[in-house]
Amino acid sequence: MAMRGLFPPLAALRPHSSCPSLGARRVVLVQVDGLSRPRLERAMAEGYLPALAERLATGGHALSSIRSGAPSSTPAFQAGLFYGVSPSVPGFVWFDRRTGRELRMDRPADAATVETRVAAGVSRPLLRGGTSYFSLFSGGASLPYFCVSGLAGEVDVEWHERRLGAADALASAFAHAVGTACSAVRLAHEVGAGIVDGLRWSVALGRAKNEPRFLAHRLVVQGLQRELAVQNVLLDISNGVPAIYVDFLGFDEYAHRRGPDSEAALGNLVSIDAALEAILAAAEAVPALGYDVYVLSDHGHVATLPFESLAGAPLPEYVAAADRGEALPRETRCVGRRQGLPGGRTLGARRSGRIATAEAGDLAHVYFLDEPTPLPLEGVRSRHWRVLAALSASRGVGLMAVRGGRRGFALVRGEVMDLAEAREVARLPHPHPPILATYLSDLVSLPDSGDIVVLGWRGEGRPVVAYAWEFGSHGGVGPEETEAFIVHPAKRPHAFDRVIRPSELYRYFEEGYRTPAEWSARPSRGLRVASGGSRRSVGPGDPQEVPAT
């Protein structure tokens, strides 16, 4: 709310005479990471998002559903939204057969490798000539700030020289100083609040596993992101940047560690709501620039039970024991919050002998490394039947998907369903069987997916199982994981409810905002490593990791 003091100067600004035609619409995309449409509606009803609820009530914006695609995770969503590529990646974490190591999207070098691969052959990334904040991939933005991949699109130096004069430079310096001061105050507050919260949680849980890492993530998200991102988005709007993207990570991070229904996760939406109101008001303060603001999510979250609290061991150990023909751990019936084994692993990939298992939320991949290429169902049945039988019998496994046939197969409690046969698809245990079949087919179509794709969705009315140690998950095919939302200008209606992959959103925004000649005088020449100033992106090889999204 304190940011409203910036609106009078913004309202006084006038578009520069050298800016593109005022008939061309500009776009701001605000991503609320990990918030499903059902939880959005509950949060508005319970008073966590009052400003957004009021805007929807007055009719200037409308709320629609979209779907995340599969996997329901940020890298897959951003690859589709920014580059029009879906399906693209098998999750937040997977195992690379070619290099013999895990790939994870909170490592800058891995994110850069994957973004380069996704962007290959795409001449028009969505954010070209624009800015992005706190994204995994840059989307071709000329100036991506705190982008994990450390890549950027081409900078049109002539455009910036024409658009940014001495007054803009002075305003930018002042806003940076204000933002830095506010961030320092917030950071100091979050250090104390985070330590107290971590101690309370550890006592309640009976373990402190992952709390130091969560505290570090909390300081980044709570102490830095809000002030820095919002202040700079406001500057971008006043300067007429054609495409602006920002990802608010707080709800997603808290949902992983405390659960999506926790007060900590929901309370984070209050500050996000204030940031949304600031951005929307800033766009309205310069109507001649023609900004449309969209608020959207990339996926939802579901409350989960860790696999090891049901199966008696983490998934990698369970699979390795089955492969060796050893006795499987005894399953437990106690699934309370305090139940679990000393492992308590976060998401990642682990290799054991000839098998690698990658855990990414309520989605996991099992790879048989003595096979040169991914196996179809018959190969898995004949060569690795022990693993297949153990997973089919475990109550910690809901669905499995394997390659074969025209679209792959779903395995439900040992029963095989052909994803190319409508009658068998109709029997899938899911509220939307055809969409589930599409998503399972997408997953097994990716060469980097495991020989067996394991999913924790076990049907309506049953808790979803996570394969990493966390109490809120995504990545899988649960209805709430895949039902995201978009808040769009009411004057821009679209059949958003028919969107089942993020690549369809790319086409919508590309056609509606990025194709006018004013924005595309020259094509993108690819990606570069971003650098420079206080807004330097994290670059490949840097050791930092960011919150899993």
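Colleague: Which way do strand β10 and β19 pair, and over how many bridges?
Modeller: Strand β10 (residues 302-306) pairs with β19 in the antiparallel sense, over two bridges. Two strands pair if DSSP finds at least two bridges between them. Helices (H or I, at least four residues) and strands (E, at least two) are DSSP runs, numbered from the N terminus.

Colleague: And what stands opposite Ala303?
Modeller: Gly472 in β19.

Colleague: Which strands make up that sheet, and in what order?
Modeller: The order is β18-β10-β19, an open sheet of three strands with mixed pairing. The edge strands are β18 (464-466) and β19 (472-473), each pairing on one side only.

Colleague: Before we go on, what should I know about the model?
Modeller: This is a predicted model: local features need pLDDT of at least 70, side-chain atom pairs count only at pLDDT 80 or more, and totals for chains, interfaces and linings use all residues. Residues are numbered from 1 along each chain as its sequence is written, and side-chain values use heavy atoms, with hydrogens and water left out.

Colleague: What's the average pLDDT for the protein?
Modeller: The average is 82, and 75% of the residues score at least 70. pLDDT is the predictor's confidence in each residue, from 0 to 100.

Colleague: Where is the pLDDT below 50?
Modeller: Residues 201-208 are one such stretch, with 20 contacts in the model beyond near neighbours in sequence. Residues 532-549 are also below 50, and that stretch has 64 contacts of this kind. Contact means heavy atoms within 4.5 Å. Where pLDDT is low, the predicted coordinates should not be read in detail.

Colleague: OK, new topic. Is β9 mostly covered or mostly open?
Modeller: Strand β9 (residues 291-296) is mostly covered, with six of its six residues buried. Buried means under 20% relative accessible area, exposed over 50%, partly exposed in between (1.4 Å probe, protein chains only).

Colleague: Which residues sit on which side of β9?
Modeller: Tyr291, Val293 and Val295 are on one side, and Asp292, Tyr294 and Leu296 on the other. In a regular strand the side chains alternate between the two faces of the sheet.

Colleague: Which strands are joined to β9?
Modeller: Strand β1 (residues 26-32) runs parallel to β9, joined by six bridges, and Gln31 stands opposite Leu296 in β9. Strand β20 (residues 483-489) runs antiparallel to β9, with two bridges; there, Val295 has Val487 as its bridge partner.

Colleague: Now helices. How do α3 and α10 cross?
Modeller: The axes of helix α3 (residues 50-58) and helix α10 (residues 263-285) come within 7 Å and cross at roughly 45°. That makes α3 oblique to α10. Axes are lines fitted to C-alpha atoms, for helices over the stretch in contact, and angles run from 0 to 180 degrees between N-to-C directions. Angles under 35 degrees count as roughly parallel, over 145 as roughly antiparallel, 65 to 115 as roughly perpendicular and the rest as oblique.

Colleague: Which residues meet there?
Modeller: From α3, Pro50, Ala51, Leu52 and Arg55 meet Asp273, Leu276, Glu277, Leu280, Ala281 and Glu284 in α10.

Colleague: Last one: why does Pro433 count as buried?
Modeller: Because its relative accessibility is 14%. Pro433 lies in helix α16 (residues 433-445). Leaving aside neighbours within four places in sequence, Pro433 is in contact with Val425, Ala426 and Leu428.
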